[in-house]
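These are my notebook entries on one structure, written down in the order in which I looked things up.

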Amino acid sequence: TVLERSKQLAAWTAVDQHVKPEHRVIGIGSGSTVPYVVERIVQLGAEANEERVFIPTGFQSKQLIVESGLNLGDVDQFPTIDVTLDGADEVDRELNCIKGGGACHLREKVLAEAANTFILVADYRKNVEHLGTTFKQGVPIEVVPFAYAKVLQNLHHILGSPEASLRMAVKKAGPVVSDNGNFIIDAPFDQEKMKDPFTIMAQIKMLTGVVEVGVFCHMAKAAYFGNQDGSVTIKW
Ligand code: DER
């Protein structure tokens, strides 16, 4: 499909630009675009990859690395990463992004921070002026289960997200449980508030019981978007 082709285009272009021969430790994100990142890295050949380790951002990412025959590494063992490539739910013109649509943003943010270079790959739907334009389900927030009701209450009454809700699973009874054993809250904010993503992120992060917020500010070095016409848009 045009959408899948645009994801592949973004991923291949980003790998070709940012995975250097001397790179040894590579962070692999989560979602439906990163499989094309791994696909392109595998095409570099077994010889090029035998000296490399690939660090996952969750179970899906780990399965992707293992099933692709790439060497699996741990962030404990490789705390500094040459380049991390990951998807995003929305990316604004300053490369701030919303992540966590796949409930993986805690480990994703650890690997984004650990990387010398953090690169975003996405399809054309994610390329926006301001956050909250197309991704309407809200800011993903990982919370400890013990505190989720309190965090919801604070979001509703203090931070101005009356629609904030606990993310319920589809193929499992009850709430979505992250790879870290926590719950996810989705908190929509009005467009004005989303024009200052750093403030929103900081306010949410301060709520007791919040583990991590799916807003990444000033972390990405570049973002690659595949377009419907087969071109690629690069933001940096
Ligand atoms: O959850 C995330 O942050 C993932 O990176 C995900 O949102 C990326 O979305 P994709 O499936 O469109 O690549």
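Is Lys195 buried, partly exposed or exposed? I looked it up in what is a predicted model, and found Lys195 partly exposed, with a relative accessible area of 43%. Its salt-bridge partner is Glu192, at 3.0 Å from N to O, and Glu192 is exposed, with a relative accessible area of 56%.

**Entry: other salt bridges.** I noted that the structure holds 10 salt bridges, and I followed up some of them. Arg167 and Asp186 meet through their side chains at 2.7 Å, N to O; because Arg167 lies in the loop between S8 and S9 while Asp186 belongs to strand S9, the pair ties together parts that are 19 residues apart in sequence. I found Arg167 buried at a relative accessible area of 11%, and Asp186 buried at 7%. For the salt bridge between Arg125 and Asp123 I noted 2.8 Å between the closest N and O atoms; here Asp123 is buried, with a relative accessible area of 0%, whereas Arg125 is partly exposed at 41%. I also wrote down a network of salt bridges that links Asp86, Lys99 and Glu108.

Entry: The corresponding distance is 2.7 Å for the side chain of Ser32 and 2.6 Å for that of Asp89. Taken alone the ligand exposes 350 Å², of which the protein buries 92%. Of the 14 residues around the ligand, those that come nearest are Ser32, Thr33, Asp89, Gly102 and Lys126, and the shell divides into one nonpolar, eight polar and five charged residues.

**Entry: strand S1.** I looked at strand S1, residues 25-28, and found both faces covered, with Val25 and Gly27 buried on one side and Ile26 and Ile28 buried on the other. S1 runs parallel to strand S2 (residues 53-56), joined by four bridges, and parallel to strand S3 (residues 81-86), joined by three. Gly27 has Ile55 as its bridge partner in S2 and stands opposite Thr84 in S3.

**Entry: the four-stranded sheet.** I then traced an open sheet with the order S8-S9-S7-S10 and antiparallel pairing. Strand S8 (165-166) and strand S10 (210-213) stand at its edges with a single partner strand each, so one side of each is left without a neighbour in the sheet. Five bridges join strand S7 (residues 139-143) to strand S9 (residues 183-187), and within that pairing Ile141 has Ile185 of S9 as its bridge partner.

How values were computed
Residues numbered from 1 in each chain as written. Predicted model: local features only at pLDDT ≥ 70, side-chain atom pairs only at ≥ 80, totals over all residues. Heavy atoms only, no water. Buried < 20%, exposed > 50% of the residue type's maximum accessible area, 1.4 Å probe, protein only. Helix = DSSP H or I, 4+ residues; strand = E, 2+ residues; numbered from the N terminus. Pairing = 2+ DSSP bridges. Near = heavy atom within 4 Å. Polar contact = N/O pair within 3.5 Å; in protein donor to acceptor, adjacent residues only side chain to side chain. Areas by Shrake-Rupley, 256 points an atom, 1.4 Å probe, with all protein chains shown as cover. Nonpolar A, V, L, I, M, F, W, Y, C, P; charged D, E, K, R; others polar. Salt bridge = Lys/Arg side-chain N within 4 Å of Asp/Glu carboxyl O.
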